[in-house]
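Got your viewer open and ready? Load the model, colour it by secondary structure, and follow along.

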Amino acid sequence: MTAYQTILPNQVTTWFRAGRTDQFPVGAGATIKYGQRQIAVFYFNRTQRWYACQNLCPHKLENVLGRGLIGEQDGVPKVACPLHKRTFSLETGENLNGDCPPVAVFPVRIEGGDVYVGFID
Ligand code: FES
């Protein structure tokens with residue numbers, strides 16, 4: 001199984017072009033592949049911010065987070081797993097409503113209408 005690790009913006013060595021901004025849904029998630037890894041990418045239209053996390057939900061190890069509902073909890077952007085509603089912060093990856101391990105989160109950069117996700121390899 002592929003391991004996922006949170007990447008901070010200052011750690012990025014590779015900005016992977018995930019597609020054009022208009023190829024992503026508004027106020028929802030989409031899934032991209034980076035090598036063997038599946039990454040969920042989210043666009044919050046109210047704040048016009050982008051986030052990315054592993055698509056793999058740590059609860060039952062299903063690749064589903066890109067299909068989750070997004071929202072905010074106390075100002076923290078979050079995604080709810082579509083299967084059993086565990087929610088994860090898209091800023092830190094922390095599980096906000098239970099004791100699941102965190103998800104890995106990745107920096108997202110928008111440049112020239114393109115979406116880039118940051119990795120370290
Ligand atoms: S698989 Fe995601 S909450 Fe259960």
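Here is a short tour, going from the whole chain to its sheets, its core and a single residue.

**Before you click**

You're looking at a predicted model, where local features need pLDDT of at least 70, side-chain atom pairs count only at pLDDT 80 or more, and totals for chains, interfaces and linings use all residues. Residues are numbered from 1 along each chain as its sequence is written.

**Stop 1: the whole chain**

Start by showing everything as a cartoon. How many helices and strands does the chain have? There are 0 helices and 12 strands.

**Stop 2: residues 15-117**

Select residues 15-117, where UniProt, in an unreviewed entry, places the feature "domain: Rieske". UniProt positions follow the numbering used here, feature names are shortened, and annotations may be inferred rather than shown by experiment. This stretch is 0% helix and 51% strand, and its end C-alpha atoms are 5 Å apart.

**Stop 3**

Strands count as paired here if DSSP finds at least two bridges between them. (Angles run from 0 to 180 degrees between N-to-C directions, with axes as lines fitted to C-alpha atoms, for helices over the stretch in contact.) Zoom in on β8 (residues 76-80), which pairs with β9 over 3 bridges. You'll find A80 opposite T87 in β9.

For the other sheet, select β1, β12 and β11, which form an open antiparallel sheet in the order β1-β12-β11. Its edge strands, β1 and β11 (108-111), each pair on one side only. The twist averages 30° from one strand to the next. β11 and β12 are joined by 4 bridges, and R109 has Y116 in β12 as its bridge partner.

**Stop 3: the core**

Time to look inside. In soluble globular proteins, nonpolar side chains tend to be buried together. Select V41, A52, C53, F106, V108 and V117: they have the most contacts inside the largest nonpolar core, which has 29 residues. (Such a core is a set of buried Ala, Val, Leu, Ile, Met, Phe, Trp, Tyr and Cys residues joined through C-beta atoms within 7 Å.) Which strand gives the most to this core? It's β3, with 5 residues.

**Stop 4: A18**

Finish at A18, in strand β1 (residues 14-20). Is A18 buried or exposed? With 22 C-beta neighbours inside 10 Å, A18 counts as buried. (Buried takes 20 or more other C-beta atoms within 10 Å, exposed 12 or fewer, and partly exposed lies in between, with C-beta atoms placed from the backbone.) Leaving aside neighbours within four places in sequence, A18 is in contact (C-beta atoms, placed from the backbone, within 7 Å) with I32, V41, V115, Y116 and V117.

Technical notes. Helices (H or I, at least four residues) and strands (E, at least two) are DSSP runs, numbered from the N terminus. Two residues are in contact if their C-beta atoms, placed from the backbone, lie within 7 Å. A nonpolar core is a set of buried Ala, Val, Leu, Ile, Met, Phe, Trp, Tyr and Cys residues joined through C-beta atoms within 7 Å.
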